[in-house]
Amino acid sequence: DAAVDIDFRAVTAGSIEFSVTVPADATAGFIPAIPWPQVNTGNNWTMDVSGSDVSNTTVNVAALFIRNV
């Protein structure tokens with residue numbers, strides 16, 4: 001019934017890299033002009049859902065990652 005904010009972090013419990021607001025019953029996307037660098041190499045990306053009431057809320061995240069060699 002309400003929008004959900006998703007905070008993306010480059011490491012568990014780290015600083016927020018960027019946020020995306022997803023409207024209720026809708027989809028949202030984020031496409032940076034260049035690939036978003038992970039400054040904390042060797043760590044995992046995490047997503048935290050926040051909002052006034054996110055109980056019983058399902059959020060699916062799909063992402064494409066690249067690896068520089």
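Asp25 counts as exposed, at 81% relative accessibility. The cut-off for that class is over 50%. The residue sits in the loop between strand 2 and strand 3. Phi of Asp25 is near 50 degrees, a positive value in a residue other than glycine. The model is a predicted one, and every value reported for it is computed.

Ala13 also has a positive phi, near 65 degrees, and is likewise a residue other than glycine. Ala13 is found in the loop between strand 1 and strand 2. Its relative accessible area is 73%, so Ala13 is exposed.

Two further residues fall in the intermediate class. Pro32 has a relative accessible area of 29% and is therefore partly exposed. Like Asp25, Pro32 belongs to the loop between strand 2 and strand 3, the latter spanning 46-50. The C-alpha atom of Pro32 is separated by 12 Å from that of Leu64, 32 residues apart along the chain. Ala2 is partly exposed because its relative accessibility is 44%, a value between the limits of 20% and 50%. Ala2 precedes strand 1.

The overall architecture was examined next. The protein contains 3 strands and 0 helices. Read from the N terminus, the order of elements is β-β-β. Along the principal axes, the C-alpha atoms fill a box of roughly 45 × 25 × 15 Å. Of the 69 residues in the protein, 19% are buried. The accessible surface comes to about 5500 Å². Carbon and sulfur atoms account for 52% of that surface. Among contacts between residues at least 6 apart in sequence, 46% join residues at least 24 apart.

Aromatic contacts were then searched over the whole structure. The search finds 5 aromatic pairs. One of them is formed by Phe8 and Phe18, whose ring centres lie 4.7 Å apart with the planes at 15 degrees. Planes under 30 degrees apart count as stacked, so the Phe8 and Phe18 pair is stacked. This pair links distant parts of the chain. Phe8 belongs to strand 1 (residues 4-9) and Phe18 to strand 2 (residues 16-22), with the two positions 10 residues apart. Both phenylalanines, Phe8 and Phe18, are buried. Ring pairs also extend beyond these two residues. They link Phe8, Phe18, Phe30, Trp36 and Trp45 into a cluster.

The largest pocket has a volume of about 1400 Å³. Its lining consists of 44 residues. Nearest the centre of this pocket lie Phe8, Phe18, Val61, Ala62 and Ala63. The stacked pair of Phe8 and Phe18 is thus represented among the residues nearest the pocket centre. Strand 1 and strand 2 are the elements that give two or more residues to the lining. By class, the lining has 27 nonpolar, 13 polar and 4 charged residues.

Definitions and conventions
Residues are numbered from 1 along each chain as its sequence is written. This is a predicted model: local features need pLDDT of at least 70, side-chain atom pairs count only at pLDDT 80 or more; totals for chains, interfaces and linings use all residues. Side-chain values use heavy atoms; hydrogens and water are left out. Rings of Phe, Tyr and Trp (its six-membered ring) pair if their centres lie within 6.5 Å; planes under 30 degrees apart count as stacked, over 60 as edge-to-face and the rest as tilted. Helices (H or I, at least four residues) and strands (E, at least two) are DSSP runs, numbered from the N terminus. Buried means under 20% relative accessible area, exposed over 50%, partly exposed in between (1.4 Å probe, protein chains only). On a 1 Å grid over the protein atoms alone, a cavity is a set of points where a 1.4 Å probe fits but cannot get out, and a pocket is an open set with protein on both sides within 12 Å along at least five of seven lines; lining residues have an atom within 4 Å of a point. Grid points are joined across faces, edges and corners, and a volume is the space filled by probe spheres set on the points. Ala, Val, Leu, Ile, Met, Phe, Trp, Tyr, Cys and Pro count as nonpolar, Asp, Glu, Lys and Arg as charged, and the others, Gly among them, as polar. Contact means heavy atoms within 4.5 Å. Accessible areas come from the Shrake-Rupley method with a 1.4 Å probe; for residues, only the protein chains shown count as cover.
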